[in-house]
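The structure is shown below, and the text after it should be read alongside.

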Amino acid sequence: MNDILETHILGNDVSTWLTAAGIFLAVVVVVKLFMRVFLGQMARLARRTDTSVDDYVVANFGKSVSPILYLAGLWFALNGLSMAPRWHRIVTGGLTILATFFVVRFLARLVTHALRERWMKQGDTEARTKGLAGLIAIINAGIWVLGLVFVIDNLGFQVSALVAGLGIGGIAVALAAQTILGDLFSYVSIFFDRPFEIGDFIQVDDVLGEVEYIGLKTTRLRSLGGEQIVIANSDLTNSRVRNYKRMAQRRIVFRIGVVYETDYEQLQEIPGILREIINAVDKTRFDRAHFASYGDFSLNFEVVYYVLSSDYTEYMNIQQAINLALFAEFEKRGLAFAYPTQKVYVDREA
């Protein structure tokens with residue numbers, strides 16, 4: 001028996017190989033027990049939350065982390081063997097590459113799932129799905145590049161020169177594609193900050209339109225005239241954007257004028273007439289009506305009310321109903337709307 005245990009295989013006796021195998025098997029057993037208990041507890045905690053990100057982490061933690069722990073156990077087991085420096089570098093490098101692969105893959109999948117969950121809460125359309133796919137591709141590429149740099153550094157290569165070269169090259173590319181990168185970062189800002197979404201009606205400076213598509217470089221609007229307007233994402237983030245779809249109510253201010261021949265009692269009645277007319281129209285909330293000023297040819301009243309809707313057509317229908325009712329009421333009471341007039345006084349003696 002001793003002769004068998006002292007038999008050398010690849011520079012190590014059988015007893016050393018058995019010890020390494022025992023260490024690896026012990027690690028496998030411990031990892032399986034740990035995962036069963038730990039993941040069971042984590043799964044119960046994850047079920048109590050509303051988000052699905054933690055459920056995804058628990059479901060994929062074992063698939064991604066277990067191989068890493070097994071690789072760590074294998075490294076400890078093989079570390080007790082006598083190996084030539086060349087073979088030691090090969091084994092260590094191979095295990096490092098595999099461990100890095102599992103870690104990077106887990107992070108990339110986790111980021112993808114988190115972004116998809118956030119995106120699905122905002123609505124799922126073809127244009128939004130395409131935009132999300134582009135953002136995920138960029139983020140995953142960055143994660144895999146960092147993983148590659150980590151592997152190269154741990155394999156003993158000098159990455160400082162590579163990083164410096166990439167930095168100089170990145171500066172050159174950034175200067176050459178400054179506008180494109182600015183639009184790309186603006187897209188990321190729009191994605192996370194959500195100042196508007198597809199289907200919203202927005203105004204950017206003097207441009208109005210409904211958002212049709214949000215891309216990596218540009219956003220496309222459909223104007224009221226029917227034409228498509230393409231705006232760079234950087235222009236959107238640098239401008240004041242008015243989002244009319246998110247307007248819960250619309251504040252309306254309008255003015256009317258009556259002639260100077262209107263008597264005092266009628267002037268006192270006009271604010272009440274305006275209040276009654278507006279309150280009689282659905283989806284409105286009266287705010288105030290006042291005799292505001294003396295004009296060149298009219299006595300001016302200012303009226304403020306709210307339309308309890310963001311729909312522009314509905315607002316115009318309400319304003320039309322108010323105007324018609326106001327016209328009918330003034331006609332019935334003998335009140336006259338003012339219009340530009342001019343009186344000329346002639347001095348006959350002169």
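In this predicted model, three-stranded pairing comes first: 3 strands make an open antiparallel sheet in the order β8-β10-β9. Strands are DSSP runs of E of at least two residues, helices are runs of H or I of at least four, and both are numbered from the N terminus. Two strands count as paired if DSSP finds at least two bridges between them. The edges of this sheet are β8 (250-258) and β9 (284-294); each has a single partner strand, so one side of each has no neighbour in the sheet. Neighbouring strands are turned against each other by 20° on average, direction ignored. Angles here run from 0 to 180 degrees between N-to-C directions, with axes fitted as lines to C-alpha atoms, for helices over the stretch in contact.

β8 pairs with β10 (residues 299-307) through 9 bridges in the antiparallel sense. R255 is placed opposite E302 in β10. Helix α9 (residues 264-279) packs on the sheet and touches β8, β9 and β10, and its direction makes about 155° with that of β9. Contact means heavy atoms within 4.5 Å. Helix α10 (residues 312-333) also lies across β8, β9 and β10, and runs at about 25° to β8.

A further open sheet has 5 strands in the order β6-β5-β4-β3-β7, again with antiparallel pairing. Here β6 (228-232) and β7 (241-243) are at the edges, each with a single partner strand, so one side of each is without a neighbour in the sheet. The twist from one strand to the next averages 40°.

| Strand pair | Bridges | Bridge partners |
|---|---|---|
| β3 (residues 201-204) and β7 | 3 bridges | I202 and N243 |
| β3 and β4 (residues 207-214) | 4 bridges | V204 and V207 |
| β4 and β5 (residues 218-222) | 4 bridges | V211 and L221 |

β3 and β4 form a hairpin with 2 residues between them, and D205 in the turn has a positive phi of about 55°. Another hairpin joins β4 to β5 through 3 residues.

Next, the pockets. Rolling a probe the size of a water molecule over the atoms shows where empty space is left. A pocket is found on a 1 Å grid over the protein atoms alone, as an open set of points where a 1.4 Å probe fits, with protein on both sides within 12 Å along at least five of seven lines; its lining residues have an atom within 4 Å of a point. Grid points are joined across faces, edges and corners, and a volume is the space filled by probe spheres set on the points.

The largest pocket holds about 270 Å³ of space. Its lining consists of G199, F201, Q203, L208, L224, Y244, K245, R250, S310, D311 and Y312. These divide into 5 nonpolar, 3 polar and 3 charged residues. Ala, Val, Leu, Ile, Met, Phe, Trp, Tyr, Cys and Pro count as nonpolar, Asp, Glu, Lys and Arg as charged, and the others, Gly among them, as polar.

The second largest pocket has a volume of about 220 Å³. V259, Y260, E261, D296, F297, A338, Y339, T341, Q342 and K343 line the second largest pocket. Of these lining residues, 5 are nonpolar, 2 polar and 3 charged.

Confidence is given as pLDDT, the predictor's confidence in each residue, from 0 to 100. The chain has a mean pLDDT of 78, with 71% of its residues at 70 or more. Among its elements, helix α1 (residues 2-5) has the lowest mean pLDDT (50), and β10 has the highest (96).

Residues are numbered from 1 along each chain as its sequence is written, and side-chain values use heavy atoms, with hydrogens and water left out. Because the model is predicted, local features need pLDDT of at least 70 and side-chain atom pairs count only at pLDDT 80 or more, while totals for chains, interfaces and linings use all residues.
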